Amino acid sequence: MLKIVVVEDEPSISEVISLYLRRAGYIVSCYSDGLVALDSLTSQLPDLIILDVMLPGMDGFALVRNLRDQSDVPIILLTSRKEESDRIAGLELGADDYVVKPFSPQELVSRVRAVLRRARSITSITNEGILDFGDLSINPQTREVSIHGKPIILTAKEFDLLHYMALHPRQVFTRDQLLENIWGYSHYIDPGTVTVHMRRLREKIEKDPTSPVYIITVWGIGYKFEP
Ligand code: CA
């Protein structure tokens, strides 16, 4: 599931936004103060950020500037100002899109989808090359995996699992999240399926599957890929 951070100091607006985004299947966290938000975003980035321009602590423009110094995470600005110059300023600073208040929550959800789609297609272009982690290399184009240059034969699902986790290094995934992202129908498949696939994947890529170095179990939560 994709994570979205909403930074908006008007509780009524941030409540409506999070309600619609959650209904659309996103995981949402909200902040009402720009500085507090930046502090949290510096340690962990979501898949997309929705920023109000007028904020206590640090305004939306300054936040975009700060975030762009460290990442190209997709950003949508919320602006109550009608001036075109503000919207242009936001885009020039590196925001991906803006929505003018008052907006319909459904419209915002559509913009979120569009921006995420765009961001993903960019990611797939930049990842056209091989994901290289020293000993382990993953080629998404040919769907080939090798360790120390030696090719490893993976099933389609094993490859998808490894590739998906490798694209999000160190991010912890629950079995349900992996089911949803790799299999697509989390409700119809036993989460034990993930456990079985992980075991086979480890047998193929880990030197010692009983003490894995790439696919790490996070007890009580799920798995993460350690580059
Ligand atoms: Ca505001």
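Let's start with what covers the buried residues of helix 8: the cover includes strand 8 (144–147), strand 9 (150–152), helix 6 (156–167), helix 7 (175–183), strand 11 (215–218) and strand 12 (222–225). This is a predicted model, where local features need pLDDT of at least 70, side-chain atom pairs count only at pLDDT 80 or more, and totals for chains, interfaces and linings use all residues. Residues are numbered from 1 along each chain as its sequence is written, and side-chain values use heavy atoms, with hydrogens and water left out.

Some terms. Buried means under 20% relative accessible area, exposed over 50%, and partly exposed in between (1.4 Å probe, protein chains only). Helices (H or I, at least four residues) and strands (E, at least two) are DSSP runs, numbered from the N terminus. Contact means heavy atoms within 4.5 Å.

Back to helix 8. Which of its residues are buried? They are Val 194, His 197, Met 198, Leu 201, Arg 202 and Ile 205. Down the axis of helix 8, these fall within an arc of 140 degrees, so they line one face of the helix. The arc is taken from the directions between the helix axis and the C-beta atoms. Why one face? An α-helix has 3.6 residues a turn, so residues three or four places apart point the same way.

Now the calcium ion. Its donors are Asp 9 (OD), Asp 52 (OD) and Met 54 (O), at 2.1 to 2.4 Å. A donor is an N, O or S atom within 2.8 Å of the metal (3.2 Å for Na, K and Ca); water is not among the atoms, so sites may look incomplete. In sequence, the spacing of the donor residues reads D-x42-D-x1-M. Buried or exposed? Asp 52 counts as buried, at 3% relative accessibility. Met 54 is partly exposed, with a relative accessible area of 45%.

Next, Thr 79. This residue sits in strand 4 (residues 75–79). Thr 79 is buried because its relative accessibility is 3%. Beyond neighbours within four places in sequence, Thr 79 is in contact with Val 53, Arg 87, Val 99, Val 100 and Lys 101.

Last, Val 213. Where is Val 213? In the loop between helix 8 and strand 11. Val 213 counts as exposed because its relative accessibility is 52%. Not counting residues up to four places away in sequence, Val 213 touches Glu 206 and Glu 226. Val 112 is 101 residues from Val 213 in sequence, and 36 Å from it in space, C-alpha to C-alpha.
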